[in-house]
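My plan is to look things up one at a time and jot down what turns up.

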Amino acid sequence: MRIGLTGGIAAGKSTVSARFAELGAVIVDYDALAHRIVEPGGEAIAQIAEVFGPDALLSDGSLNRSWMADHVFGAHAKPGARERLDAIEHPLIYRLAAQQERSCSPSDIIIHDVPLLAEVIDGIPFSFDHIITVEAPVCMRLERMIEERGMSPEQAEDRIRHQSSGSERRAIADIIIDSAQPMDRMMAQVDEIYQDFRSQIQPA
């Protein structure tokens with residue numbers, strides 16, 4: 001069984017993903033795969049430097065994240081910058097995700113943790129049995145990004161503006177988790193969802 005997991009930035013998706021992992025699911029973490037391809041010597045590094053120029057890299061050959069954030073999402077972003085970066089990274093990430101899946105067994109519940117699933121749903125080379133989105137009010141997400149991630153209000157608003165809206169994520173999902181509810185209640189909901197998935201694979 002293949003599940004898509006998504007949610008707005010700072011909505012609590014990582015907490016939900018970690019709980020699914022504790023319960024026994026296999027997590028294909030697209031953020032981790034995206035980091036892997038931009039490490040020094042990573043598969044995406046040479047192409048990014050070619051498209052965005054030498055300022056896109058640090059002296060150790062890794063991605064200059066603050067420069068890229070500013071030039072892809074921020075004030076210095078040129079039209080089409082996000083699309084050019086996606087065209088480099090997405091095929092590499094999908095290939096690594098497929099490689100990870102090949103080591104799984106038929107009884108595994110495989111969760112593709114994809115922050116931008118609503119944006120790539122038409123191009124991602126996987127089909128999903130269920131799609132979950134984790135949602136929280138924008139004001140709560142902004143507060144988390146500023147307090148927990150050290151972003152300025154402008155940076156936080158930029159990141160939210162460059163993502164799909166809650167309504168767009170809900171439109172592709174058949175399961176919605178509200179992370180504004182108390183943590184114990186949210187964890188109980190995740191546990192219940194996982195047991196339902198397990199019963200679909202192994203009916204009583």
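Which residues lie nearest the centre of the largest pocket? I looked, and they are Ile-9, Asp-31, Phe-73, Arg-159 and Gln-163, out of a lining of 48 residues.

Ground rules before I go on. This is a predicted model, where local features need pLDDT of at least 70 and side-chain atom pairs count only at pLDDT 80 or more, while totals for chains, interfaces and linings use all residues. I number residues from 1 along each chain as its sequence is written, and side-chain values use heavy atoms, with hydrogens and water left out.

**Pocket**

I noted a volume of about 1400 Å³ for the largest pocket. The volume is the space filled by probe spheres set on the points, and grid points are joined across faces, edges and corners.

Next I checked which elements give two or more residues to this lining: they are helices H1 (13–23), H2 (30–36), H4 (65–72), H5 (81–101), H7, H8 (153–161) and H10 (183–201). Helices (H or I, at least four residues) and strands (E, at least two) are DSSP runs, numbered from the N terminus. H5 gives the largest share, seven residues.

By class I get 23 nonpolar, 13 polar and twelve charged residues in the lining. Here Ala, Val, Leu, Ile, Met, Phe, Trp, Tyr, Cys and Pro count as nonpolar, Asp, Glu, Lys and Arg as charged, and the others, Gly among them, as polar. Domain 1 (1–25 + 109–198) and domain 2 (32–107) each supply at least three lining residues; those bounds come from an automatic or database domain assignment.

**Helix H7**

Just after H7, I found Gly-150 with a positive phi of about 70 degrees.

**Aromatic pairs**

How many aromatic pairs does a search of the whole structure find? I got two. For one of them, Phe-20 and Tyr-194, the ring centres are 6.4 Å apart and the planes sit at 45 degrees, so I logged the pair as tilted. The rule is that rings of Phe, Tyr and Trp (its six-membered ring) pair if their centres lie within 6.5 Å; planes under 30 degrees apart are stacked, over 60 edge-to-face, and the rest tilted.

Phe-20 is in helix H1 and Tyr-194 in helix H10, so the pair ties together parts that are 174 residues apart in sequence. Phe-20 is buried at 0% relative accessibility, and Tyr-194 is buried at 4%. Buried means under 20% relative accessible area, exposed over 50%, and partly exposed in between (1.4 Å probe, protein chains only).

Arg-19 comes out partly exposed at 22%, and its C-alpha is 9.6 Å from that of Tyr-194, 175 residues away along the chain.

Ala-10 lies in the loop between strand E1 (2–7) and H1, and at 8% accessibility it counts as buried.

Ala-173 is in the loop between helix H9 (166–172) and E5. I have Ala-173 as buried at 17%, with its C-alpha 8.8 Å from that of Leu-5, 168 residues apart in sequence.

Last entry: Asp-178, in strand E5 (residues 175–178), is partly exposed at 38%.

Key. 1 Å grid on protein atoms, 1.4 Å probe; cavity = no way out; pocket = protein on both sides within 12 Å on 5 of 7 lines; lining within 4 Å.
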